[in-house]
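Visitor: Hi, I'm new to this one. Could you show me the structure and walk me through it?

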Amino acid sequence: QAPKLEEQKSGSQKHKEDYIPYPSIDEILEKGSPYPLIILPQFGGYWIEDPENLGTPTSSDSSICEEEEENLSPSTYGYKLECKGEARAYRKHFLGKDHLNFYCTGSSLGNLILSVKCEETDGTEYLRVILRSKVKTLHERIPLAGFSKLPSIPQIAKAFCDDASGLKFNPVLYPKASQMIVSYDEHEVNNTFKFGVIYQKFRQTQEEELFGNNEESAAFKNFLSFLGDTITLQDFKGFRGGLDVSHGQTGAESVYTVFRDREIMFHVSTKLPFTEGDTQQLQRKRHIGNDIVAIIFQEENTPFVPDMIASNFLHAYIVVQVENPEADNTAYKVSVTAREDVPSFGPPLPSPPVFQKSPEFREFLLTKLINAENACCKSDKFAKLEDRTRAALLDNLHDELHGHTQTMLGLGPEEDKLENGGHGGFLESFKRAIRVRSHSMETMVGSQKKHHGGGIPGSLSGGIAHNSGEVTKTTFSPPVPAAAAKNQSRSPIKRRSGLFPRLHTTSESQAESRTRCDSVSGAQKTPDLGHSSQEMKSETSSNPSSPEICPNKDRPFIKLKENGRSNISRSSSSTSSFSSTAGESETLEEYDSVVGTQPS
């Protein structure tokens, strides 16, 4: 094992010897002032923005979102915020306008979502297209001058991705699809930011020294008031940036501002809690160390090294050094550094990079901070996290659009469940509502017939008023003159008061029906009863929409008797469902005895 360790050490030493390191901070301090604002680590890993190199003012592979296009507060001095234009393109160009959405399942690039619309500008027709894949979102406007007809959706997708195959698109048929798509597109849009602010005193070169500063000089206080407003954290209602606003565990105050409709919370090292005996000051580092961009404020000429602070999240630093802090012409010297995999970002530093204390410098600094974080999100570490998030969200959007489209076409799982006899869904609810309403109407009509003609219970009728009246009049009721029937229909019915006012009335009508049935059983002849039973059977079988009524050829009244109770109990709109069924059962038993005594 010892030879292996020696080989590893010798190999690492050779690697370091092959690499010419940058001078260390100790060597720089020994040479004396003036010092540079930023010193690169000995073995690199960072870049420093050169004010004289104007070739890289903005980050690569990014779109500059004009403030006028975003409908945000405009820039006073022309500094532009850099963001992904594709994230806001659907809201601006498609939402609320005529367009078509398509989804593709299982292509060589995975699931795809495509939006297309036609538009005309200055007499020229264009086809605006947004293609979303797991890798990225593409947004283009294609002129239609050279096309005799509109290209197909697979042809459009092929033009964006030459190596794509298996492009079978389906239209999105869902009224709320646009809101789902815009939510996916804008998941990358961030309107809240948190930045660290670290106070570095003269010749401080260690992380413990930076986080151990408690006193705020007048120059540092002026700079904080220049950045934003000092707010009390207790019960603060704005963006808190991870700070405690209920129990005061992250300090009593902080610095907050709103810039171009974006909320910014600053994690100021001197305002975060200080712990005695903790050299690392973890209460401070756990907030600033989890930020992506930080400001290093220097009151005197002192170099800063990016690897001075150990953090996996901090990717960019903006160093601000005050000049003439006590004079009226206070100025700030600025330098910018970031990790190697972070693309450059604007606005570019002027040459020399010195700003007078003014609103213009504040707009430059805040714009630079926001653009720095957006650029850091394109670094390798954050880009991998973003790719995984985008892929998961795109697959979820694809599945939801496909499911809703199938449901709108009647091909979804809910429709299959209803076809197999399941319960639930819109169609079943609609049927149930119609069925209940039908039973309620039958009960009301039957109740009126009972009071007027004294026939069979209304809930057992077939649901057709004139047929039910005909059966009752022919079978069970003696002939009544028209004038008498008219007077009888006009005669008032005395109702008793109580919790269920129809309870006693129904019982009385059932008693009258039983009395009439006794008289009819002795007077009626066999053909009449046979005729009435056939009419009853045809009456009940003529209403297929009522699942409770199942006619029986041999004994038709048995099924009616059994289903009469369930029909009464399921009629939710009739108060007669609370009445006793004892009298009704006796009546039906008497009907059975009448049918059984007649010769076949």
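Guide: Happy to. One term before we start: helices here are DSSP runs of H or I with at least four residues, numbered from the N terminus. With that in hand, M408 is found in helix 11, residues 380-408. Please keep in mind that this is a predicted model.

Visitor: Okay, and which nonpolar patch is M408 part of on the surface?

Guide: M408 forms a nonpolar surface patch together with L173, L409 and L411. The accessible area of the four together is about 380 Å².

Visitor: Switching to charges. How many salt bridges does a search of the whole structure find?

Guide: The search finds 15 salt bridges. One of them pairs E186 with R91, where the closest N and O atoms are 2.5 Å apart.

Visitor: Where do E186 and R91 sit?

Guide: They are in distant parts of the chain, 95 residues apart. R91 belongs to helix 4 (residues 85-93), while E186 is in the loop between helix 6 (177-185) and strand 9 (192-200).

Visitor: Which residues are linked in a network of salt bridges?

Guide: K117, E119, R128 and R141 are linked that way. Within that group, E119 meets K117 side chain to side chain at 3.0 Å, N to O, and both E119 and K117 are buried.

Visitor: How far apart are the closest N and O atoms of E119 and R141?

Guide: They are 3.8 Å apart, and the two residues form a salt bridge. E119 lies in strand 5 (residues 110-121) and R141 in strand 7 (residues 137-143), so this pair ties together parts that are 22 residues apart in sequence.

Visitor: Why does E119 count as buried?

Guide: Because its relative accessible area is 15%, and buried means under 20%. R141, by contrast, is partly exposed, with a relative accessible area of 36%.

Visitor: New topic: where is R260?

Guide: R260 lies in the loop between strand 11 (253-259) and strand 12 (262-268). At 5% relative accessibility, R260 counts as buried.

Visitor: What does the side chain of R260 contact?

Guide: There are two contacts to look at. A polar contact of 2.9 Å joins the side chain of R260 to that of E363. A polar atom of the R260 side chain also lies 2.7 Å from the backbone oxygen of Y79.

Methods: Residues numbered from 1 in each chain as written. Predicted model: local features only at pLDDT ≥ 70, side-chain atom pairs only at ≥ 80, totals over all residues. Heavy atoms only, no water. Helix = DSSP H or I, 4+ residues; strand = E, 2+ residues; numbered from the N terminus. Buried < 20%, exposed > 50% of the residue type's maximum accessible area, 1.4 Å probe, protein only. Patch = residues over 30% accessible without salt bridge, like charges linked within 9 Å, V, L, I, M, F, W, Y side chains within 5 Å. Areas by Shrake-Rupley, 256 points an atom, 1.4 Å probe, with all protein chains shown as cover. Polar contact = N/O pair within 3.5 Å; in protein donor to acceptor, adjacent residues only side chain to side chain.
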